Amino acid sequence: MKKYDVVILGGGNAGMGVTVATRAAGLSVAMIEARELGGTCPNRGCTPKKVLVAAAHALHEIERADRHGIAIGRPRLDWRALIEREKDIIDDIPSRLSGLMAKRGVDVIVGEASFMGSNAIGVDGRKLEASSIVIATGSKPRSLPIPGADHMTISDDVLNDPVLPHAVVFVGGGVIAFELGHVYARAGVDVTILEALPHLLGAFDADAVAQIRSESERIGIRVRTLAWVKKIEKAEGRLRVTFVADGVERAVDADRVVNCAGRVANVEGLDLGAGVVVHREGRIEIDDHLRSRSNPDVYVCGDAVWNSPQLSPVATYEGGIVGRNIVDGPRHRPDYGQIPSALYTVPALAGVGLTEAKAKEQGLGVKVHVNDMRGWLSARTYAETVAWSKIIVEEATDRIVGAHIVGHAGEELIHLFALAMKHGITASQLSDMVYGFPTFSSDIRNMM
Ligand SMILES: Cc1cc2nc3c(=O)[nH]c(=O)nc-3n(C[C@H](O)[C@H](O)[C@H](O)COP(=O)(O)OP(=O)(O)OC[C@H]3O[C@@H](n4cnc5c(N)ncnc54)[C@H](O)[C@@H]3O)c2cc1C
Ligand SMILES: NC(=O)c1ccc[n+]([C@@H]2O[C@H](COP(=O)([O-])OP(=O)(O)OC[C@H]3O[C@@H](n4cnc5c(N)ncnc54)[C@H](O)[C@@H]3O)[C@@H](O)[C@H]2O)c1
């Protein structure tokens, strides 16, 4: 039986994050990974998705070419070539990460790990002992108790499918459905999004979501809220999704039905009981230091944490904190306050900090600056179809507490707001900056 200071289950962003401080401190570290090193983000998530989004962006530019006086024929997208391009871009990531881990002195073990004791892990018939064990096993799509649910595919399949379908239904109106829905719609696919709740894209500001909803409908996506999927069945060589909306039963036919109903911690196969790791239906009970409440030698980070944002930079950040807690003792805690995120529709929706609803819920005295920027010079120059912002400023302190941007390079501009929020730069100070002109950034002065 081999002994390590640290054994990490999972070689994604979170697991990689743990290796930095632990190896810098000279601890012996093993990382067990069942699939490709790098995990979801570079292999089945952010990066391959963004390659498709970039193509959708090009199609969006072409759609507006006539606004610049450019005459252009109907574009033809070679979907198979696009999927090949996506694969080519990510192809060498696992091997590069394998090199990085070797250089860092981490033993990478290929296999499916599970607990054999409070400080013991089994992998491929071997037993490893460790002073600290880190659960960084990521997330998986939530399984839905819908008759015919086995007909559904998941985002992994969309990113691998070289055949462009004619019609797709997304079950769930969250980030994955909107991002992949925009790509498909731009590629000419008939897209329907069915969301069970009254609102879409739960974590984002409701007015920003309304902007992206109308832009989505403008490009032909059908969006239905309060839609309850009752069954999915094969019908005439396709799939038929039966759902109830507005009290009426309806059906929509499609070539693919994609489960986009959220992702849950991927811990089912870990035998958490053997590790004395208490959980409620896969939700591991952790303290403020990301440490198991029942087994102080076990930490959790990344998507395997059930109640923090499922984002790749957050996974890396949490992994870093766990690494430092292992080295220094449990004294570091995550702060999720000023983490920017974006929905990579075309155009994107980006946000940081509080939504207007949350600011009001917290009883903050705020001034809310809402701008439809389509008439602004920069938006007109680029013929933007949507350009909108909402900046929320605390009146008493002039602190920016939330920023939400749709279009207008918001996925880039949002970082200036995050920087200001993190370092206490006030709204007036951010407006007082001298910006390069003409840029989208220079519009920040007029946004609040
Ligand atoms: C389609 C899609 C698009 C996304 N786009 C974005 C985006 O644009 N921006 C963003 O910030 N986030 C995005 N995300 C979310 C992001 O990918 C995740 O938050 C991030 O990858 C989580 O990292 P992690 O290390 O916690 O988990 P993962 O990267 O999933 O890593 C976990 C690893 O553990 C391994 N594993 C699991 N069980 C075991 C076991 N028993 N033994 C050994 N190994 C095991 C898995 O094989 C996996 O490699 C996207 C996700 C998806 C699905
Ligand atoms: N750009 C990004 O940063 C990015 C991109 C993709 C994924 N992600 C991460 O991946 C996670 C998972 O994404 P997701 O889109 O699957 O989840 P999500 O949590 O964003 O959305 C899931 C949606 O499905 C709905 N839903 C649940 N059950 C349903 C049902 N039976 N019928 C209809 N609707 C149902 C929910 O109400 C919710 O609105 C996200 O939490 C996100 O953090 C991030």
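Biologist: What distance separates the centres of domain 2 and domain 3?
Modeller: This is a predicted model. The domain assignment of the chain places domain 2 at 149–261 and domain 3 at 347–447, with domain 1 made of 2–141 + 264–328. Taken over C-alpha atoms, the centres of domain 2 and domain 3 are separated by 30 Å.

Biologist: How many residues does each of domain 2 and domain 3 bring to the contact, and how does the side of domain 2 divide by class?
Modeller: Domain 2 gives nine residues to the contact and domain 3 gives 12 residues. On the side of domain 2 that touches domain 3, the division is four nonpolar, one polar and four charged.

Biologist: Which residues come nearest to ligand 1?
Modeller: The shell around ligand 1 has 15 nonpolar, 16 polar and five charged residues. At least two residues of this shell come from each of α1 (13–24), β2 (29–33), α2 (40–44), α3 (46–63) and α9 (312–328). Of the 36 residues around the ligand, the nearest are Gly10, Gly12, Gly39, Gly138 and Gly302.

Biologist: Which element gives the largest share of the shell around ligand 2?
Modeller: Ligand 2 is surrounded by 26 residues, the closest being Gly172, Gly174, Ile176, Ala261 and Gln310. By class they are 16 nonpolar, seven polar and three charged. Both α7 (175–186) and β19 supply at least two residues of the shell. The largest share is four residues, and the element that gives it is α7.

Biologist: Why do the buried residues of α8 line one face of the helix, and within what arc do they fall?
Modeller: Helix α8 (residues 206–218) has 13 residues that should span 18 Å at 1.5 Å a residue, and its end C-alpha atoms are 18 Å apart. Its buried residues are Ala208, Val209, Gln211, Ile212, Glu215 and Ser216. An α-helix has 3.6 residues a turn, so residues three or four places apart point the same way. Seen down the axis, the buried residues of α8 line one face because they fall within an arc of 155°.

Biologist: Which exposed residues does α8 carry on the face turned away from its buried side?
Modeller: The buried residues of α8 pack against α7, β10 (222–224), β19, β20, β22 (388–394) and β23. The face turned away from them carries the exposed residues Glu217 and Arg218.

Biologist: What arc around the axis do the buried residues of α12 cover?
Modeller: In α12, the buried residues are Gly410, Leu413, Ile414, Phe417, Ala418, Ala420 and Met421. They sit on the same side of α12, because the arc they cover is only 160°.

Biologist: Which elements do the buried residues of α12 pack against?
Modeller: Helix α12 spans residues 410–422, and Gly424, with a positive phi near 70°, follows the helix. Its buried residues pack against β19 (341–343), β20 (349–353), β23 (400–406), α13 (427–432) and α14 (444–447).

Biologist: Is Gly148 buried, exposed or partly exposed?
Modeller: Gly148 lies in the loop between β7 (139–141) and α6 (155–160). Its contacts, not counting residues up to four places away in sequence, are Lys231, Ile232 and Glu233. A buried residue needs 20 or more C-beta neighbours within 10 Å, and an exposed one has 12 or fewer. Gly148 has 18 inside 10 Å, and therefore counts as partly exposed.

How values were computed
Residues are numbered from 1 along each chain as its sequence is written. Chains are lettered from A and ligands numbered from 1 in the order in which they are written. This is a predicted model: local features need pLDDT of at least 70, side-chain atom pairs count only at pLDDT 80 or more; totals for chains, interfaces and linings use all residues. A residue is near a molecule or strand if its C-beta atom, placed from the backbone, lies within 6 Å of it. Ala, Val, Leu, Ile, Met, Phe, Trp, Tyr, Cys and Pro count as nonpolar, Asp, Glu, Lys and Arg as charged, and the others, Gly among them, as polar. Domain bounds come from an automatic or database domain assignment. Two residues are in contact if their C-beta atoms, placed from the backbone, lie within 7 Å. The expected span of a helix is 1.5 Å times one less than its number of residues. The arc is that of the directions from the helix axis to the C-beta atoms.
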